[in-house]
Amino acid sequence: MSQSESEQRSERRCVSCGINVAGTAAATFKCPDCGTQISRCATCRKQSNLFECPDCGFRGP
């Protein structure tokens, strides 16, 4: 059973550091390889911290 869109938004976490990014200046985008939604906090984006897609393992800065 999939989560509702509002539940997914309230549970968005940065894939780099794990903090809750709901209501922050986070970036949310689709994985270039598989299309899974990825969220990153402003700090990890600014520091170019690496991330890994939880579904396919794609890695990026």
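The model is predicted. Its chain holds two helices and four strands, arranged along the sequence in the pattern α-β-β-α-β-β. Of the 61 residues in the chain, 23% are buried.

**Overall fold**

- Two helices and four strands make up the secondary structure of the chain, and their order along the sequence reads α-β-β-α-β-β.
- Among contacts in the chain with a separation of 6 or more, 26% are between residues 24 or more positions apart.
- Strands β1 and β2 run antiparallel and are joined by four bridges.
- Six residues lie between the strands in the hairpin of β1 and β2.
- Gly35, in this hairpin, has a positive phi near 90°.

- Ser39 belongs to strand β2, which covers residues 37–40.
- With a relative accessible area of 4%, Ser39 is buried, because the cut-off for a buried residue is under 20%.
- Thr28 has Ser39 as its bridge partner in β2.
- The side chains of Ser39 and Thr28 are also joined by a polar contact of 3.2 Å.
- Leaving aside residues up to four places away in sequence, Ser39 touches Arg12, Arg13, Cys14, Val15, Val21, Ala27 and Thr28.

**Aromatic residues**

- The structure has two aromatic pairs.
- One of them is formed by Phe29 and Phe51, whose rings are 5.6 Å apart centre to centre, with 75° between the planes; this pair is edge-to-face.
- Phe29 lies in strand β1 (residues 27–30) and Phe51 in strand β3 (residues 51–52), so their pairing ties together parts of the chain that are 22 residues apart in sequence.
- Phe29 is partly exposed, at a relative accessible area of 29%, whereas Phe51 is buried, at 7%.
- Phe51 also forms an aromatic pair with Phe58, and this one is tilted: the distance is 6.3 Å centre to centre and the angle between the planes is 50°.
- Phe58 has a relative accessible area of 25% and is partly exposed.
- Phe29, Phe51 and Phe58 together form one aromatic cluster.

**Cysteines**

- The count of disulfides is zero.
- The cysteine sulfur closest to that of Cys31 belongs to Cys56, at 3.7 Å. This is too far for a bond, because a disulfide needs the two sulfur atoms within 2.5 Å.
- Cys41 is likewise in no disulfide, and its nearest cysteine sulfur, in Cys44, is 3.6 Å away.
- Cys31 is buried, with a relative accessible area of 4%.
- Cys41 counts as buried, at 4% relative accessibility.

**The salt bridge**

- Side chains of opposite charge can pair when their charged atoms come close.
- One salt bridge is found in a search of the whole structure.
- This salt bridge brings together the side chains of Arg59 and Glu52, at 3.1 Å from N to O.
- Arg59 counts as exposed, with 61% relative accessibility, while Glu52 counts as partly exposed, with 38%.
- Strand β3, which includes Phe51, spans residues 51–52.

**A loop residue with positive phi**

- Most residues other than glycine have a negative phi.
- Ser48 is not a glycine, yet its phi is positive, at about 55°.
- The loop that holds Ser48 runs between α2 (42–46) and β3.
- Ser48 is partly exposed, with a relative accessible area of 47%.

Conventions:
Residues numbered from 1 in each chain as written. Predicted model: local features only at pLDDT ≥ 70, side-chain atom pairs only at ≥ 80, totals over all residues. Heavy atoms only, no water. Phe/Tyr/Trp six-rings, centres within 6.5 Å; stacked < 30°, edge-to-face > 60°. Buried < 20%, exposed > 50% of the residue type's maximum accessible area, 1.4 Å probe, protein only. Polar contact = N/O pair within 3.5 Å; in protein donor to acceptor, adjacent residues only side chain to side chain. Contact = heavy atoms within 4.5 Å. Salt bridge = Lys/Arg side-chain N within 4 Å of Asp/Glu carboxyl O. Pairing = 2+ DSSP bridges.
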